[in-house]
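Have the viewer open as you read.

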Amino acid sequence: MPSETPIQNVTLVGASGNLGSVLLSHLLKTNLHITILQRASSKSTYLPHPNLTVTTVPSWSLPDVTEALRGQHAVIAAFPLRDLQAHLTLAEAAYASGTVARFIPADYGSVDARSQRARDLVPLFGKKVQVRELLEKLSENSAGRLSWTSLVNGHFFDWGLTNGFLHFYPFENPPRAHILGSGDEKSSQATLAQVSKAVVSILTGDAGHLEQTKNKVLMLQSFLVSQNDAVDMLEKVTGKKFEREYVNTEDYIKERKKVADEGGEGAGDAIEDLVFALGVVEGDWTKKEEYSMGLLGLEEEEDLEAVVRKALEESEEGRKLLAGSGN
């Protein structure tokens, strides 16, 4: 199957996750046939849909995954990159299937994994580079039959707004925000839906669009926003005044890196904090040549107020907060 042939059969791995569940919802609104690929140990279940198949592999081995991917035209990895080998196996299986033409790896980066500083601070970004380098090799070996597209979208804004990842704490009393530097530095951030729209755009485009997105890193956003912008909007939507704690960015990164390197109980949180910090200081995609909103057919800006309000409405605490705001 030539790489420019339109995609019909798509395998999604990680369909029950934060991004995967939103991806699945968007993919099922297309004419694509979606196969959810899961391990035998998975307990996830899905509502029946005429364009949906759930396939369970006996083991996550190259032969079993390859067999599951035969007849598929695209593979989307949307599961965490903690287990590097699982992602490498999926890429190798896509190549070995003989039919997969497009692979979308689990990049979705808060920052570009090609950044040396990002790789030095957070090993996860080095894993993303390893997957991308393997895909480059496999694409070359397949004479272009297998290609890839890597999406870099900044922080998942709606996901991180209320769970503490973005260092906003709207449910505390009083609500507060932990802000790096002046808080005025803008970075590209995207909603889960915006990333899903980008994936759909890549896979449902015509042959020319597939060719334009082939073997490329594409950067996207929902909006370019500063921490102060986001807190201002939280205050407007909730009617609450946030306490803002400003900290020196480089001092903060140095301290969190020390905790991460020491391991132990706080290492996981420290790594997440480093990812957060990198997204603040290295995340303006509008200045990058890979900025691809037009190519992906996406609107330049989502409505920040609408996104903040919707993110709050998705939790009981948020609904109570909005109910008491009078807004």
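## The annotated stretch

Over residues 8–252, the chain comes out at 39% helix and 24% strand, with 47 Å between the end C-alpha atoms. Helices (H or I, at least four residues) and strands (E, at least two) are DSSP runs, numbered from the N terminus. That stretch is where UniProt, in an unreviewed entry, places "domain: NmrA-like"; UniProt positions follow the numbering used here, feature names are shortened, and annotations may be inferred rather than shown by experiment.

A word on ground rules: this is a predicted model, where local features need pLDDT of at least 70, side-chain atom pairs count only at pLDDT 80 or more, and totals for chains, interfaces and linings use all residues. Residues are numbered from 1 along each chain as its sequence is written, and side-chain values use heavy atoms, leaving out hydrogens and water.

## The sheet

Seven strands make an open sheet with parallel pairing, in the order β3-β2-β1-β4-β5-β6-β11 (two strands pair if DSSP finds at least two bridges between them). β3 (52–57) and β11 (216–219) sit at the edges with a single partner strand each, so one side of each has no neighbour in the sheet.

Strand β5 (residues 102–104) runs parallel to β6 and is joined to it by two bridges; Phe103 has Trp148 as its bridge partner in β6. Helix α5 (residues 123–141) packs on the sheet, touching β5, β6 and β11, and its direction makes about 155° with that of β6. Axes here are lines fitted to C-alpha atoms, for helices over the stretch in contact, and angles run from 0 to 180 degrees between N-to-C directions.

## Leu151 and the cores

Leu151 belongs to strand β6 (residues 147–152) and is buried, at a relative accessible area of 0% (buried means under 20%, exposed over 50%, partly exposed in between, with a 1.4 Å probe and protein chains only). Beyond its neighbours within four places in sequence, Leu151 is in contact (heavy atoms within 4.5 Å) with residues including Tyr108, Val199 and Leu296.

A nonpolar core is a set of buried Ala, Val, Leu, Ile, Met, Phe, Trp, Tyr and Cys residues joined through side-chain atoms within 4.5 Å. The largest one has 66 residues, and Ile76, Leu90, Phe103, Tyr108 and Leu203 touch the most other members. A second, separate core of 41 residues includes Val237, Val247, Phe276 and Val308.

## Helix α11

In α11, the buried residues include Ala267, Leu274 and Phe276.
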